Amino acid sequence: ATQAFRNPSVGNVKLLVACSSVWGRSDPAAVVGRTGEYFSSQNTPGQWVMIDLLDKVVIPCAYSFVSHHPMVAGYYPRHWVFEASLDGSTWVLLRRHEGDTTINKNVRCGMWDLPMASHPAALDVDADVFDLPSRLYFRYFRIRQTGPNSFGSHELQLSSVEIYGEVALVTKLVHKPPPPPAITRAPDHLWDESWSTLPDPKKKDKKRTLRE
């Protein structure tokens, strides 16, 4: 029987969401939600969101996400990378986006295939970490912004991330220890408890032009 969608990061948790920072009252759970919530990071270069599938791994073939804000439009991602990891430390680049205008004021959702994920030989993979030379499964997925958004600032604004592919349930995962923490440690999870809304691109600075 068909069941109503439930956010997998809330309640009976099926996965975890982490992020580099949070803007105001935006909700990190919205990264994998579908009910109109939104997530936005702070205006700092290199912002990211990460999804941890916990006891599942995926051979990805495509992914998608939405970028919107209930009151403000115009912070659409333009430059980012989609990365995956088996151990949360060693990351593999699955797709790079440079000047990608798929999402704009008329199209709020984008979907992209991941042809490299089906051809491990084309990936920069550490053979000591990944013991599956022909079929690479991943537990962690990360969207990391590498340049300014459509407004020219660095808020990473997205929601409803979906990853498509072949799923497997993991009972025991064995791999070599990750590199030293000093090399692999991700930025601390920052929380901004103060209430503020994203500035309206049309009012924030009349000298700046919104690029769709």
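Student: How many helices and strands are in the chain?
Tutor: The chain has 2 helices and 9 strands, where helices (H or I, at least four residues) and strands (E, at least two) are DSSP runs numbered from the N terminus. This is a predicted model, where local features need pLDDT of at least 70, side-chain atom pairs count only at pLDDT 80 or more, and totals for chains, interfaces and linings use all residues. Residues are numbered from 1 along each chain as its sequence is written, and side-chain values use heavy atoms, with hydrogens and water left out.

Student: What pattern does the chain follow along the sequence?
Tutor: Reading along, you get β-β-β-β-β-β-β-β-β-α-α.

Student: And which strands form the open sheet?
Tutor: The order is β1-β3-β8-β5-β6, 5 strands with antiparallel pairing; two strands pair if DSSP finds at least two bridges between them. At the edges sit β1 (16–19) and β6 (91–97), each pairing on one side only.

Student: How many bridges join β1 to β3?
Tutor: There are 4, and the two strands run antiparallel, with β3 covering residues 48–52. Val-17 has Ile-51 in β3 as its bridge partner.

Student: Switching to charges: how many salt bridges does the structure hold?
Tutor: It holds 6, counting a side-chain nitrogen of Lys or Arg within 4 Å of a carboxyl oxygen of Asp or Glu. One of them joins the side chains of Asp-52 and Arg-139, at 2.7 Å from N to O. Asp-52 lies in strand β3 and Arg-139 in the loop between β7 (109–113) and β8 (140–145), 87 residues apart.

Student: Is Asp-52 buried or exposed?
Tutor: Asp-52 is buried, at 8% relative accessible area. The cut-offs are under 20% for buried, over 50% for exposed and partly exposed in between (1.4 Å probe, protein chains only). Arg-139 is at 22%, so it counts as partly exposed.

Student: Which side chain does Arg-142 meet in a salt bridge?
Tutor: That's Glu-83, at 2.8 Å from N to O. The two are 59 residues apart, with Arg-142 in strand β8 and Glu-83 in strand β5 (residues 80–85).

Student: Why do both count as buried?
Tutor: Because Arg-142 has a relative accessible area of 13% and Glu-83 is at 7%. Glu-83, Arg-142 and Arg-144 are also linked in a network of salt bridges.

Student: What about Glu-98, buried or exposed?
Tutor: Glu-98 counts as exposed, at 52% relative accessibility. Its salt bridge is with Arg-96, the closest N and O atoms being 3.9 Å apart.

Student: Last one: what share of the chain is buried?
Tutor: Buried residues make up 44% of the 212 in the chain.
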